[in-house]
Amino acid sequence: MLVTGNDILVPARAGKYAVGSFNTNNMEITQAIIHTAERLRSPVMVQMSEGAIKYGGQDLANIVKDIAERASVPVALHLDHGSSYESALRAIKMGFTSVMIDASHHPFEENVHETRRVVEAAHAMGISVESELGRLGGIEEHVVVDEKDAFLTDPEEAVQFVEQTGTDYLAIAIGTSHGAYKGKGRPFIDQARIERISQLVSIPLVAHGSSGVPAEIVQRFRDSGGEIGDAAGIADEDLQQAAQHGIAKVNVDTDLRLAMTVGVREVLKKNPGEFDPRKIFGPARDLMSQIIEHKMRVLGSVGQA
């Protein structure tokens, strides 16, 4: 069933589990996300970035909506990192049930102003809104933040921001980062900051840049001919702990990109003459399903639908 983000995330925060919000760019990724959620009886959010909208447009949104409407578990279609008021309204017109306005690169007052504009418009249509306070480092689509420009969310500012904007859920900067390179070894996650914000703010909190970047997938990527540096992800234990303190939405993109590419590469390496797309993309879809299942079990959303 197609629902709003609030329908999924408010129960998650109350139940101290988190829901995966997975980025999609095509049918196979969408099927892997929603069909895995159905099999595990887990609520789920499917995200499209502005890049995905540019790539797949209304056709891709319709694929997500169609599968979601026929699903037996709650599914939300979410705009990831909407860059403007206009972008958020465009997504609402396309049938999204949740939108993000990311004005975190602006000064606090301007972030409040832009977020409030989107909240007023979205709420009038019954759509829930995510916003961001603080800045994550790393690279994701049009979002490029140097390490020197990244900063963690201030708990007191979070209170003011939520009160002044009416946002439904808040993405906070806690040490995660976008992309496959999140630092050396185990990235530091500021659990004390999460706990403090959760004590002051009652709405669901969001962790961006939360791919695990499994070492096995990275090695399979290399073994199948891919080139990647010292990729590192967020530890499962850190996400589990964060879910106990208000993190209700966990964004995952890089893991699925890697898994899909590994699936395609391995088929073509084993059989260079293969040109049946079903035999090329089918294994990739299966591998993504495995990654999604692992993440859902880590976050505690299995059986919550």
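**Values and cut-offs**

Biologist: Why does H78, at 0% relative accessibility, count as buried?

Modeller: Buried means under 20% relative accessible area, exposed means over 50%, and partly exposed lies in between, with a 1.4 Å probe and protein chains only. H78 has 0%, so H78 counts as buried. The model is predicted: local features need pLDDT of at least 70 and side-chain atom pairs count only at pLDDT 80 or more, while totals for chains, interfaces and linings use all residues. Residues are numbered from 1 along each chain as its sequence is written, and side-chain values use heavy atoms, with hydrogens and water left out.

Biologist: What makes the pair H78 and S98 a polar contact?

Modeller: A polar contact is a pair of N or O atoms within 3.5 Å; within protein, one must be able to donate a hydrogen and the other to accept it, and residues adjacent in sequence count only if both atoms are side-chain atoms. The side chains of H78 and S98 are joined at 2.7 Å, which is within that limit of 3.5 Å.

Biologist: Which residues is H78 in contact with, leaving aside its neighbours within four places in sequence?

Modeller: Contact means heavy atoms within 4.5 Å. For H78 the list includes M48, F96, S98, E130, Y169 and K249. G282 is 204 residues from H78 along the chain, and their C-alpha atoms are separated by 25 Å.

Biologist: How do you know that β3 and β4 pair?

Modeller: Strands are DSSP runs of E of at least two residues, helices are runs of H or I of at least four, and both are numbered from the N terminus. Two strands pair if DSSP finds at least two bridges between them. β3 (residues 75-82), the strand that holds H78, is joined to β4 by 3 bridges, and the two run parallel. At one place G82 stands opposite I101 in β4.

Biologist: What makes both faces of β4 (residues 98-101) count as covered?

Modeller: S98 and M100 on one side are buried, and V99 and I101 on the other are buried too.

Biologist: Which residues have the most contacts inside the largest nonpolar core?

Modeller: They are I33, M48, F96, V99, L170 and I247, in a core of 81 residues. The largest share of this core, 9 residues, comes from α11. Apart from it lies another core, of 13 residues, among them V19, A171, V206 and A248. A nonpolar core is a set of buried Ala, Val, Leu, Ile, Met, Phe, Trp, Tyr and Cys residues joined through side-chain atoms within 4.5 Å. F96 touches M48, I53, A61 and I127, among others beyond four places in sequence.

Biologist: How do you know that the span of α11 (residues 277-299) agrees with its residue count?

Modeller: The expected span of a helix is 1.5 Å times one less than its number of residues. For the 23 residues of α11 that gives 33 Å, and the end C-alpha atoms are 33 Å apart, so the two agree. At the N-terminal end D276 caps α11, with a side-chain oxygen 2.9 Å from the backbone nitrogen of R278. Just after α11, G300 takes a positive phi of about 85°.

Biologist: Why is D255 called buried?

Modeller: The relative accessible area of D255 is 3%, under the cut-off for buried. D255 lies in helix α10 (residues 254-270). The side chain of D255 reaches the backbone nitrogen of G212 at 2.8 Å, and D255 also touches V213, I291 and K295, among others.

Biologist: Is R41 buried, exposed or partly exposed, and what about V213?

Modeller: R41 has 32% relative accessibility and therefore counts as partly exposed. V213 has 5% and counts as buried. R41 is in the loop between α2 (27-40) and β2 (44-49), with a positive phi near 55° in a residue other than glycine. V213 is in the loop between β10 (205-207) and α8 (215-223); its phi is positive, about 45°, although V213 is not a glycine.

Biologist: What is the relative accessibility of T167, and which backbone oxygen lies 3.3 Å from a polar atom of its side chain?

Modeller: At 4%, T167 counts as buried. The oxygen is that of V129; the backbone oxygen of Y169 lies 3.2 Å from a polar atom of the T167 side chain.

Biologist: Where does pLDDT stay under 50?

Modeller: Over residues 142-149, for which the model has 14 contacts beyond four places in sequence. pLDDT is the predictor's confidence in each residue, from 0 to 100. Where pLDDT is low, the predicted coordinates should not be read in detail. The chain mean is 92, and 91% of residues reach 70 or more.
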